[in-house]
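User: Please take a close look at a single part of the structure shown here and describe how it is packed. I would welcome one connected account that also places this part in the context of the whole chain.

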Amino acid sequence: KTLPIGISSLLEKMNMTLSQVAALLLLFTSSANAGGLLSLLSSKNDEPKEPRKPQARTSGEAIDFSKSSLGTPHGNDPVEYGVDVSFPIQHKLASQNYEWLPHNMDPEHNAVPRKLKETVIQPLGDRQAFYDDFLNGCIEAFGSKGQRCRSSEDGRIAMSLRQPQSMTNYTDVGFKKIRCPPEVMKLITEFWETNKERGTLETWGTANTYTNNWASPTYMVSVENNGLRGGGSRLKQKIWDAARDTIQEGTNQELTPVSLYGIRIYTEDSVLSTHVDRLPLVSSAIVNVAQDVDEPWPIEVYGHDGKATNVTMEPGDMVLYESHSVLHGRPFPLKGRYYANIFIHFEPVGHTLRHNKRTEGDDEDIDVDEKYKNDVARGVGGHEVDQAAESDLPPYVIPGSPEEANWRARHPGNKRSEQRSFATGTTGAHTAAQNGDLLGVMKAVSKDKAVVNKTDSNGWTALHESARAGHKDIVKYLYESGADLNARTNHGRGGTAMHFAKTKLGEDHEVVSYLESLGAVDIGPDL
């Protein structure tokens, strides 16, 4: 239809999209809605505005990352939104219930389309188109195996819906930004400055959609790599030990270390799909080590109130978060050269710091027992419930929740791992394999042949340990003794022996060559 005189020029000045024009036309062609359209147009400010850089927001607010067709952020007015707005998180589609649709602009005269009923308002632009490009990029990149990208997404979305509602939480909000303790940052920075140019390409596995790794690869500077100056298990333990007190203080829980691989380097246009971490990654920290960016690349986190907050970070910032229940990701592309983070993960052992009545440095006026009672009243973790002593579930999985069934399916026999009894679950074969003690491994296997495939609480076998440590003779012996060559850690969700060997030792190491000769596959851990 021909637009009335003056309306065409107004729309042109407003830079409206064709779909927005179509929606406005629906309103205009109704005499009852004509006044509403003219009112909307007259309320618009035609003066061009200087685009501003996104800014950090406090809890409960988020940056308005309205998108152009290329997905470039261009605004920073605070908007409030929840899941399935910036990215599909708990459903397969991002909201398409745009603010400018007829039923939102004039609800009195326009019914809500059936497909948009119970759909939240979309203030961030066409995020579904951005997601479609993301998913199609994965499908095209992996060719004949590309349809696995959809399966990967199905798993991420299912876990994002199931897990948060099933977890015991140990804080009120779920996340907090602080400055990294100096002793922790010193260890990380020294290692980074010495080895930052020696990162190795991360292998995410076929059709893994936690990052757009097919278009924007990530690199790892592994703290476990003995081949890097200062690297190795001693540095890893030092970082864990230095960070533990800070995270324990935030959660009031006694923690045991679970995961710390190294410094991940994201590259230009990287996207990190919004997700929750797989168990037993529960109490976690992100430290920004270094960055070279044109604009902030915030981490989008969803607190226990369900609201999104975009948290910007500078080198030395540390975000503490309950990674088992707080949805987090970076669904807006990285604009810059690189962004380097280290991830430090712990698991609650099942009881709190109140065992010691007070923690060092506590204010004398704080009654720890009173705090415990208040935690119970709020339904927040931080107390020794009967579950910890009597249930075979981990203390952070709520009995009767959707995650209980999933956890039991991954733990046949309904047996908690030894770590649930505050041990690591490590066998003599694990220890000997890690230390390069072939005779010790042989002795353990002679006593119990099944030990070659026994896992610790994190799903690691002796083969994983020996491959990561670079002990070819032990890798060979374990394989010939029946070890599963392609077993994955973290109960089928982590990496294979080949992955850890390549990550730590490099592709030219004899262990990697030997594993390749056996046909071992390189699969990295899911986030």
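Predicted model: local features only at pLDDT ≥ 70, side-chain atom pairs only at ≥ 80, totals over all residues.

Analyst: Leaving aside neighbours within four places in sequence, G205 is in contact with F142 and G524. G205 belongs to the loop that runs between β6 (200–201) and β7 (219–222). Its relative accessible area is 14%, so G205 counts as buried. The C-alpha atoms of G205 and V521 are 9.2 Å apart in space, although 316 residues separate the two in sequence.

That pairing may be set beside the figures for the chain. Of the contacts in the chain with a separation of 6 or more, 75% are between residues 24 or more positions apart. The chain has 527 residues, 53% of which count as buried, and its secondary structure comprises 18 helices and 16 strands.

The buried residues are A462, L463, H464, E465, S466, A467 and R468. Their cover includes α8, α12 (428–435), α15 (472–480), α16 (489–492), α17 and α18 (510–517). After α14 comes G470, which has a positive phi near 85°.

The axes of α12 and α14 come within 7 Å and cross at roughly 10°. An angle under 35 degrees counts as roughly parallel, so α12 is roughly parallel to α14. On the α12 side the contact is made by A429, H430, A433 and Q434, and on the α14 side by A462, E465, S466, R468 and A469. Sorted by class, this contact of α12 with α14 has 4 nonpolar, 3 polar and 2 charged residues.

The other is α17. L463, H464, A467, R468 and A469 of α14 meet A497, F500, A501, K504 and L505 of α17. By class, the contact of α14 with α17 has 7 nonpolar, 1 polar and 2 charged residues. R468 and A469 of α14 take part in the contact with α17 and also in the contact with α12.

Helix α15 passes α18 in a right-handed crossing. In this contact K472, V475, K476 and Y479 of α15 meet E510, V511, Y514 and L515 of α18. The residues of the contact of α15 with α18 divide into 5 nonpolar, no polar and 3 charged.

In soluble globular proteins, nonpolar side chains tend to be buried together. Here the largest nonpolar core has 29 residues, and those with the most contacts inside it are I188, W192, I239, I263, V287, I342 and I344. Two or more residues each are given to this core by α7 (182–195), α8 (233–251), β9 (262–267), β11 (283–293), β14 (317–322) and β16 (336–352). The greatest share comes from α8, with 6 residues. With residues up to four places away in sequence not counted, I239 touches L187, I188, V223, L260, I342 and I344. A second, separate core of 24 residues includes A467, V475, L485 and A497. Of these, A467 is one of the buried residues of α14, and A497 is one of the α17 residues that α14 meets. V475 is one of the α15 residues in the contact with α18.

Leaving aside neighbours within four places in sequence, T251 is in contact with Y170, T171 and S283.

Terms used
Residues numbered from 1 in each chain as written. Heavy atoms only, no water. Contact = heavy atoms within 4.5 Å. Helix = DSSP H or I, 4+ residues; strand = E, 2+ residues; numbered from the N terminus. Nonpolar A, V, L, I, M, F, W, Y, C, P; charged D, E, K, R; others polar. Core = buried A, V, L, I, M, F, W, Y, C linked by side-chain atoms within 4.5 Å. Buried < 20%, exposed > 50% of the residue type's maximum accessible area, 1.4 Å probe, protein only. Axes fitted to C-alpha atoms, helices over the stretch in contact; angles between N-to-C directions. Parallel < 35°, antiparallel > 145°, perpendicular 65-115°, else oblique. Left-handed = near helix turned anticlockwise from the far one by under 90°.
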